[in-house]
Amino acid sequence: MSEFATHLLLQTPTVAVRDVVCAGTHRHLSEEERSGTTELVFPYRGTYVVHVGEEEAVADASQVLIFNRGESYRVSHPNPGGDASLTISVDEALLQEIVPKDLLREGDAFAFRLHRLRIDARAQVLVALLRHSLREGIAEPLEGESLALTLVQRAIGPRTTHAAASSVGRQRLVDRAKLVLMRDLARRWTLAGVAAEVGVSPVYLTQSFQMVEGMPLYRYQLRLRLARALDQLSEVEDLTTLGLSLGFSSHSHFSAAFQQVYGRSPSEFRQTALRRR
């Protein structure tokens with residue numbers, strides 16, 4: 001069985017969208033790979049780590065990973081269970097019109113200077129809508145292109161993204177904490193429990209996470225749980241069971257958190273967004 005399963009969901013002269021599912025059975029660092037085009041990768045299930053030179057980036061549903069054309073990278077899977085990502089490549093001339101100049105490297109070659117950005121809740125919704133509408137054949141090519149470009153613009157927009165800040169040491173500490181959270185999304189972690197897993201004090205972890213990600217650790221965990229719910233809404237009938245499986249204390253707790261972040265309850269989102277014809 002192949003480690004990867006890639007499904008081409010959309011291919012036009014402007015944009016290509018692929019759904020890539022990885023079994024994640026190889027925990028060690030992969031062989032060196034190289035992207036033939038500049039790609040924006042939106043993880044929506046599971047987690048993995050991308051290594052570009054000395055840099056590392058944890059891929060989870062709160063992030064967009066950026067792979068520059070011709071740049072070498074390697075991948076590792078510290079957590080079991082596999083992963084899945086929606087990958088978008090945009091015609092480079094068009095992408096140059098979209099990308100804010102401060103995200104690009106200096107020089108003549110077109111390349112992003114960052115390998116990851118944190119996306120907001122609306123971008124997470126767009127990932128779910130784009131994947132569902134293309135997979136189910138709901139969106140025609142023109143709509144698919146529009147959704148994909150809207151997602152790209154939001155993912156790299158200066159008002160809707162967050163670039164990790166602070167020292168390399170703090171960023172790696174925060175990345176280790178993310179991997180701990182993703183290991184078991186349903187677990188009701190305590191701050192002391194996560195801090196013990198990564199080997200620092202609760203106070204230092206709290207300060208570092210806020211400094212790097214611009215939000216508290218508990219809120220980041222909530223966003224990860226809700227992003228997993230977005231992925232599973234079209235496949236699961238019992239919303240109470242879904243909420244409990246993700247660590248929410250009750251259906252009302254799950255529904256209220258989902259509505260606060262995404263603007264609609266889980267049942268409303270499934271009825272109006274995921275089942276439209």
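This is a predicted model: local features need pLDDT of at least 70, side-chain atom pairs count only at pLDDT 80 or more; totals for chains, interfaces and linings use all residues.
**Exercise 1.** Determine how α4 is oriented relative to α7, and which residues make the contact.

*Solution.* Step 1. Helix α4 spans residues 168-183 and helix α7 spans residues 217-232; their axes lie 11 Å apart at an angle of about 45 degrees. Step 2. Angles under 35 degrees count as roughly parallel and those from 65 to 115 as roughly perpendicular. The α4 helix is therefore oblique to α7. Step 3. The crossing of α4 past α7 is right-handed. Step 4. From α4, the contact involves Lys 178, Leu 181 and Met 182; from α7, it involves Leu 217, Tyr 220, Gln 221, Leu 224 and Arg 228. Step 5. By class, these residues comprise 5 nonpolar, 1 polar and 2 charged.

**Exercise 2.** Determine how α4 is oriented relative to α5, and classify the residues of the contact.

*Solution.* Step 1. Helix α5 covers residues 191-198, and its axis lies 9 Å from that of α4, at an angle of about 120 degrees. Step 2. This angle makes α4 oblique to α5. Step 3. Here α4 passes α5 in a right-handed crossing. Step 4. Leu 173, Arg 176, Ala 177, Val 180, Leu 181 and Arg 183 of α4 meet Val 194, Glu 197 and Val 198 of α5. Step 5. The contact residues divide into 6 nonpolar, no polar and 3 charged.

**Exercise 3.** Compare the span of α4 with the expected value, and identify buried residues of α4.

*Solution.* Step 1. The 16 residues of α4 reach 23 Å from first to last C-alpha, close to the 22 Å expected at 1.5 Å a residue. Step 2. The buried residues of α4 include Leu 173, Ala 177, Lys 178, Val 180, Leu 181 and Met 182.

Terms used:
Residues are numbered from 1 along each chain as its sequence is written. Side-chain values use heavy atoms; hydrogens and water are left out. Axes are lines fitted to C-alpha atoms, for helices over the stretch in contact, and angles run from 0 to 180 degrees between N-to-C directions. Helices (H or I, at least four residues) and strands (E, at least two) are DSSP runs, numbered from the N terminus. Angles under 35 degrees count as roughly parallel, over 145 as roughly antiparallel, 65 to 115 as roughly perpendicular and the rest as oblique. A crossing is left-handed if the near helix is turned anticlockwise from the far one by less than a right angle, and right-handed if clockwise. Contact means heavy atoms within 4.5 Å. Ala, Val, Leu, Ile, Met, Phe, Trp, Tyr, Cys and Pro count as nonpolar, Asp, Glu, Lys and Arg as charged, and the others, Gly among them, as polar. The expected span of a helix is 1.5 Å times one less than its number of residues. Buried means under 20% relative accessible area, exposed over 50%, partly exposed in between (1.4 Å probe, protein chains only).
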